[in-house]
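Thanks for coming. Today I'd like to go through how some pieces of one fold pack together. Please have a look at it first.

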Amino acid sequence: MALSGQTAVVTGAAMGIGKAITEILLQNGARVALLDVNESAGQTLKEALDKQHGAHRTLFLRCSIESEEQTKAAFQKTVDTFGSIDILCNNAGILNEAEWEKCVDINLVAVIRLTYMALEHMNKLTGGRGGVIVNTASFAGLGPLPSCPVYTATKHAVVGFTRAMAAASTALGYGIRFNAVCPIYVQTDLFANIYDRMGQFSQLAAQTRKSVDKGVLNVSEVAEGLLELVTDETKSGEALILKGDGKTYMTFPTFS
């Protein structure tokens, strides 16, 4: 899948993994709508990207993915500006066991909401061009992170939703691929604050530190994995595991 002439929407685009995703998509020819609630960081990033790629290649939209009204308006503005949506990167997420309902809302409910909104513009059955949706999950979406059970639950759900949507798209002819990227710990603000956000499970911090010592990725490594899931048209329903020693695709059990 060549990205020249393609339009991507990236959530949580102003910093961290989202920023790296935005940069790698632009480097490979896509136009990108940056969605983020952090307006100052978003505007600063857009100014820097404009100098590198030209103002016509990016669009920053202050948007809370918890708001149906704001997200719907952001998708429509993207289509009005660029003409289409071909790629959605559901990247925004939080880790906060003390505010577990907000964690569910942002990490899972918003992913479902934005996916369904994207279908309105991307689905070949309703006049869209098809494309690909990549969800940022986690290694905690494939196995338990004991200090963060709600975060674990949301990321498991994202992986399951991704795989089910991929199967539905194939069966119904949406023309959209769905994949999930599942990195181990990544050097971001979320990771930096992990030990303060375990809520009632903070006594497991030492155990988490032991697993952190096994390796931490940088954001560019995650962006490279996501790019593979976007550009490789053979990939749909996949969960790409990214670790310090390389990458591998998850093998799931099959059910008749």
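Helix 3 (residues 68–82) and helix 4 (residues 100–122) pack with their axes 10 Å apart and an angle of about 30°. Axes here are lines fitted to C-alpha atoms, for helices over the stretch in contact, and angles run from 0 to 180 degrees between N-to-C directions. Helices (H or I, at least four residues) and strands (E, at least two) are DSSP runs, numbered from the N terminus. In contact, meaning heavy atoms within 4.5 Å, are E68, T71, K72, F75, Q76 and V79 from helix 3, and R113, L114, M117, A118 and H121 from helix 4.

This is a predicted model, where local features need pLDDT of at least 70, side-chain atom pairs count only at pLDDT 80 or more, and totals for chains, interfaces and linings use all residues. Residues are numbered from 1 along each chain as its sequence is written, and side-chain values use heavy atoms, with hydrogens and water left out.

Eight strands form an open sheet with mixed pairing, in the order 3-2-1-4-5-6-7-8. Two strands pair if DSSP finds at least two bridges between them. Strand 3 (58–62) and strand 8 (246–249) are at the edges with a single partner strand each, so one side of each has no neighbour in the sheet. On average, neighbouring strands are turned by 15° against each other, direction ignored.

Which way do strand 1 (residues 7–11) and strand 4 (residues 87–90) run relative to each other? They run parallel, joined by three bridges. V10 stands opposite C89 in strand 4. Helix 5 (residues 149–172) packs on the sheet, touching strand 5 and strand 6 (176–183).
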